[in-house]
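Welcome, and thank you for taking a look at this report. Have the sequence and the structure at hand as you read.

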Amino acid sequence: VTARPNYFDSVRDELVAAAVRERGAGGVDADELAARRRRPRARWLVAAVAAIALVVGIGLVATDTQRVEASGIDVVQTATGVRVRFLNVEHTPAQLQRELDDAGIATRVIAVPTGGPWVGDILEIRAPVDLPNDGIRVDLLDVEIDDGWQGVLEVRVGVEALPGEAYAYTVDLLADGERLHCVVSAGDPAADAAAAIAEVDPALEVHWLVRTSDVRGELPLDEILVEEPDVVVDWAIEIADGVANVQLVNASDLMFEPDPAC
Amino acid sequence: VRHATTGDEVSALLLAARTEPRAFGEVFELVNDDLLAYFYRRCFDAHAANDLAQETLARALVHLDRFDPARGNGTQWLWGIAHRELMTWFRKGKAEARARERVGMRLLPLPDDALEHIESLVDAQDLQAALADALAGLSPSLRRTVELRVGQGLGYEELATELGCSVGAARVRVARALARLQLALGDPPATEVSA
């Protein structure tokens, strides 16, 4: 195991500053914490470097690259090509397409109808599969493109589905922040889940899907409970605005655990 | 030097952090390397492991008042959250950032030395051998799913075409295959926390 890099001290400071803000014990921010930690060793040096950086408008990290800022992407020229980071902000396909075009990166931005947390989110970044992968590397929200790469990058961005339109990218209804989070949990008996949904969100149209060794498919809940009275919820997704699929399985076949925060 | 973390230590710090927020920094010191190793062993991606570890701790911070030592110690509670984050990553293909955004944490880019540190937390040869065993233990259809999605990088629409199923079914197959790989590579119990 290597010695722990300073980066993790910065992460720790971010976390502690967040804890201070969350728990209301004062307004110390991460920069201040980092500064306090550094002061005993080189307070004057840190201050001098920061001041110089501010005046001449450069970062503290030495680099031979040229950075182009845009609102949805961060493009850095590297020695071999460009590195694009898709920022964690709400994107619109048109704006993103424009920014990528302006940066000279051949891209097709595709709008994907969805809802909830996915609207404005980057859902997928990929290079066409009919071209060799040499020359491009996709790593979650970072893309490195070598000079000379001839392909067109594909980026899928979530947009709000039209009323009644099926989501091409479904929403996990049990996730934190979604309409059934902590209302229904993985492992809940089907009847309990149905009652909880009816109480909290009576307008939600639920399709009950069942998957056991004996019963499989979409059925009315009454019929499922006659055949498989002990089935429990495995997952629940929204497939269009106000329309959900809820998967029921035997407890021994659960694919997901209940959220411990509930 | 890695810590031989005990659940009771973490429990005490989580409880202390409710009134003395800086105690959360001590939680970070105790568990961060173990969280990074846990995620890296399952994602094979240091950036994702780092994002998931930060999101886990941010989520724990948001839900600090829900920690109940009567229902399990601090590491069990944290690893429960970590497991949930991992499952979300399997399904979405990227780490959540909501908890970090909620508490106002900046998303710091991972420098090379930190990336190497994460990789050093896990024995790569052991990991490769364990992964080969885990893949061999999958059904042929799930193994094919992993090969197409992870190995060849197919999108879900192409994957569905290749597998002869709906896009939704393809997503479920990927989630199921990765979840089974994760299980085969080891459960996330508190005992794993000790170095």
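Helices and strands here are DSSP runs, helices being H or I with at least four residues and strands E with at least two, numbered from the N terminus.

## Ground rules

This is a predicted model, in which local features need pLDDT of at least 70 and side-chain atom pairs count only at pLDDT 80 or more, while totals for chains, interfaces and linings use all residues. Residues are numbered from 1 along each chain as its sequence is written, chains are lettered from A and ligands numbered from 1 in the order in which they are written, and side-chain values use heavy atoms, with hydrogens and water left out.

## Chain B as a whole

Chain B has 10 helices and 0 strands. Reading along its sequence gives the pattern α-α-α-α-α-α-α-α-α-α.

Of the 195 residues in chain B, 54% are buried, where buried means under 20% relative accessible area, exposed over 50% and partly exposed in between (1.4 Å probe, protein chains only). The chain exposes about 8100 Å², with carbon and sulfur atoms supplying 51% of that area; accessible areas come from the Shrake-Rupley method with a 1.4 Å probe, and for residues only the protein chains shown count as cover. Among contacts (heavy atoms within 4.5 Å) in chain B with a separation of 6 or more, 68% join residues 24 or more positions apart.

## A closer look at B:Ser11

B:Ser11 sits in helix α1 of chain B, residues 7-17. Its relative accessibility is 9%, so B:Ser11 counts as buried.

Leaving aside neighbours within four places in sequence, B:Ser11 is in contact with B:Phe67, B:Asn73 and B:Gly74. A polar atom of the B:Ser11 side chain lies 2.7 Å from the backbone nitrogen of B:Gly74.

## Where the two chains meet

The size of an interface is often given as the accessible area lost when the parts come together. Between chain A and chain B, about 5400 Å² is buried, and carbon and sulfur atoms give 54% of it; this buried area is the accessible area (1.4 Å probe) that two parts lose on being put together, summed over both. In chain A, the residues losing the most area to chain B are A:Tyr7, A:Leu15 and A:Arg23, together 14% of what that side buries. Counted by contacts, 55 residues of chain A meet 71 residues of chain B.

There are 7 salt bridges between the chains, each a side-chain nitrogen of Lys or Arg within 4 Å of a carboxyl oxygen of Asp or Glu. One salt bridge joins the side chains of A:Arg12 and B:Glu29 (3.1 Å, N to O). On the side of chain A that touches chain B, α1 (7-23), α2 (30-56), β5 (122-126) and β9 (166-172) of chain A each supply at least two residues. The largest share, 14 residues, comes from α1(A).

Which residues of chain B does A:Phe8 touch? Not counting residues up to four places away in sequence, A:Phe8 touches B:Phe28, B:Asn32, B:Leu36, B:Asn50, B:Ala114, B:His117 and B:Ile118. A:Phe8 is found in helix α1 of chain A and counts as buried because its relative accessibility is 0%.

A:Ala195 has its place in helix α4 of chain A, residues 190-200. With 48% relative accessibility, A:Ala195 counts as partly exposed. A:Ala195 and A:Val184 are 11 residues apart in sequence and 9.7 Å apart in space, C-alpha to C-alpha.

Notes. A polar contact is a pair of N or O atoms within 3.5 Å; within protein, one must be able to donate a hydrogen and the other to accept it, and residues adjacent in sequence count only if both atoms are side-chain atoms.
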